[in-house]
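Colleague: I'm new to this one. Could you walk me through how to read it, feature by feature?

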Amino acid sequence: MTVMLMEDGRAEIMKITVPQSGLAAGLKPGAVVRPVELFATPWARIFNGQLSDGVAYRAARLELVVAEVAQ
């Protein structure tokens, strides 16, 4: 899943691997979600003499966040 992390006026795109069984019912593009049991795994590899590195993210499930309406 591709999610957008928004914090302190900044946004970052993150790709998170989630098992299909961990996807919330009714999940649609643009929905606000909370990753549950999110793990980050650093990785690195050398391909054709070039070093590539990054972080792989995995979550057990995504929960839909329901915003409360102020009265």
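Predicted model: local features only at pLDDT ≥ 70, side-chain atom pairs only at ≥ 80, totals over all residues.

Colleague: Let's begin with the strands. In which sense do E1 and E2 pair, and over how many bridges?

Modeller: A general idea to start with: in a regular strand the side chains alternate between the two faces of the sheet. Here, strand E1 (2-7) pairs with strand E2 (residues 10-17) in the antiparallel sense, over six bridges. To find your place, look at Leu-5, which stands opposite Glu-12 in E2.

Colleague: And in which sense do E2 and E5 pair, parallel or antiparallel?

Modeller: That pairing is parallel, with two bridges between E2 and strand E5 (residues 50-58). Thr-17 has Arg-58 of E5 as its bridge partner. E5 also pairs with E4, in the antiparallel sense and over nine bridges.

Colleague: How many residues of E4 are buried?

Modeller: Zero of its nine residues are buried, so E4 lies largely in the open.

Colleague: Now the turns. What should I look for in the backbone there?

Modeller: Most residues other than glycine have a negative phi, and most peptide bonds are trans. In this model, Asp-8 has a positive phi of about 50° although it is not a glycine. Asp-8 sits in the turn of the hairpin that E1 and E2 form, with two residues between the strands.

Colleague: Is Asp-8 buried or exposed?

Modeller: Asp-8 counts as exposed because its relative accessibility is 76%, and the cut-off for exposed is over 50%. The hairpin of E4 and E5 also has two residues between its strands, and Asn-48 there takes a positive phi near 55°. Glu-37, which is not a glycine, has a positive phi of about 55°; look for Glu-37 in the loop between E3 and E4.

Colleague: Leu-38 is in that loop too, I think. What does Leu-38 touch?

Modeller: Leu-38 does lie in the loop between E3 and strand E4 (39-47). Leaving out residues up to four places away in sequence, Leu-38 touches Ile-16, Tyr-57, Arg-58 and Ala-59. Leu-38 and Arg-61 are 23 residues apart in sequence, yet their C-alpha atoms are 8.4 Å apart in space. With 40% relative accessibility, Leu-38 counts as partly exposed.

Colleague: What about the core? Which residues make up the largest nonpolar core?

Modeller: In soluble globular proteins, nonpolar side chains tend to be buried together. The largest nonpolar core in this model has six residues: Val-3, Met-14, Ile-16, Val-18, Ala-59 and Leu-62.

Colleague: Last one, pockets. What volume does the largest pocket have?

Modeller: Rolling a probe the size of a water molecule over the atoms shows where empty space is left. The largest pocket here has a volume of about 410 Å³. It is lined by 17 residues, and the closest to its centre are Val-3, Met-4, Ala-31, Val-32 and Val-33. Two elements each give two or more residues to that lining, strand E1 and strand E3 (33-36), and the largest share, five residues, comes from E1.

Colleague: How do the lining residues divide into nonpolar, polar and charged?

Modeller: The lining of the largest pocket has 14 nonpolar residues, two polar and one charged.

Definitions and conventions: Residues numbered from 1 in each chain as written. Heavy atoms only, no water. 1 Å grid on protein atoms, 1.4 Å probe; cavity = no way out; pocket = protein on both sides within 12 Å on 5 of 7 lines; lining within 4 Å. Points joined across faces, edges and corners; volume = space filled by probe spheres on them. Helix = DSSP H or I, 4+ residues; strand = E, 2+ residues; numbered from the N terminus. Nonpolar A, V, L, I, M, F, W, Y, C, P; charged D, E, K, R; others polar. Pairing = 2+ DSSP bridges. Buried < 20%, exposed > 50% of the residue type's maximum accessible area, 1.4 Å probe, protein only. Contact = heavy atoms within 4.5 Å. Core = buried A, V, L, I, M, F, W, Y, C linked by side-chain atoms within 4.5 Å.
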